[in-house]
Amino acid sequence: MNDDLLPGVLGEIADVAGIPAALALADKVGGTRINIPARAQDDHWLVETVGRKAADEICDYFRTLSAEHREAGARHIVIPLGATGPMAQARRTLITELENGTSARQAARKAGVSERTAFRMRANLKEGKRAA
């Protein structure tokens, strides 16, 4: 669903834990390889970056079971840099604000885009469409 909004695994993370969590990961570790634990402790960088609920959702998504029923996390996942540049940053801000329940009008002001763009993005997000 969020594959066009965010590249690669960030789109998958956005689907399971929300766009704000995916954007936070891109900001923190974008462009690097990371390991996702089967379960993250409270002081783990993932919990500190995206919060407990989103970290649990991400860990659940990547968790696997061995033949012996042992839980394992994911190793060496490359987190894309995400969107860069002024327009990409405005789009990221707009998406984050809309996902957090900010009105389209207020989100447009915070992101520095037109209200029309914000209304269109909000409609696309509600319909599960990929925003262009």
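## Ground rules

We're looking at a predicted model, where local features need pLDDT of at least 70, side-chain atom pairs count only at pLDDT 80 or more, and totals for chains, interfaces and linings use all residues. Residues are numbered from 1 along each chain as its sequence is written, and side-chain values use heavy atoms, with hydrogens and water left out.

## Overall layout

The chain has 7 helices and 4 strands, in the order α-α-β-α-α-β-β-β-α-α-α from the N terminus. Those elements are DSSP runs numbered from the N terminus: H or I with at least four residues for helices, E with at least two for strands.

Of the 132 residues, 42% are buried; that means under 20% relative accessible area, with exposed being over 50% and partly exposed in between, using a 1.4 Å probe and protein chains only. Take the contacts (heavy atoms within 4.5 Å) with a separation of 6 or more: 54% of them link residues 24 or more positions apart.

## How α1 meets α2

Helix α1 covers residues 9-17, and its axis comes within 7 Å of the α2 axis, crossing at roughly 140°. Axes here are lines fitted to C-alpha atoms, for helices over the stretch in contact, and angles run from 0 to 180 degrees between N-to-C directions. The two helices are therefore oblique to each other, the label for whatever isn't under 35 degrees (roughly parallel), over 145 (roughly antiparallel) or 65 to 115 (roughly perpendicular).

On the α1 side, Leu10, Ile13, Ala14 and Ala17 do the touching, and they meet Ile19, Ala21, Ala22, Leu25 and Ala26 of α2. By class, that contact has 9 nonpolar, no polar and no charged residues.

## The nonpolar core

The largest nonpolar core holds 39 residues, with Ile36 and Ile58 touching the most other members. Such a core is a set of buried Ala, Val, Leu, Ile, Met, Phe, Trp, Tyr and Cys residues joined through side-chain atoms within 4.5 Å. Helix α2 (residues 19-29) gives the most to this core, at 7 residues.

Leaving out residues up to four places away in sequence, Ile36 touches Leu46, Ile58, Cys59, Phe62, Gly73, Ala74 and Ile77.

## A closer look at Ile77

Ile77 sits in strand β4, residues 74-79. Why does Ile77 count as buried? Because its relative accessibility is 13%.

With residues up to four places away in sequence again left out, Ile77 touches Val9, Thr32, Arg33, Ile34, Ile36 and Phe62. Ile77 and Phe62 are 15 residues apart along the chain, and their C-alpha atoms are separated by 10.0 Å.

How values were computed. Nonpolar A, V, L, I, M, F, W, Y, C, P; charged D, E, K, R; others polar.
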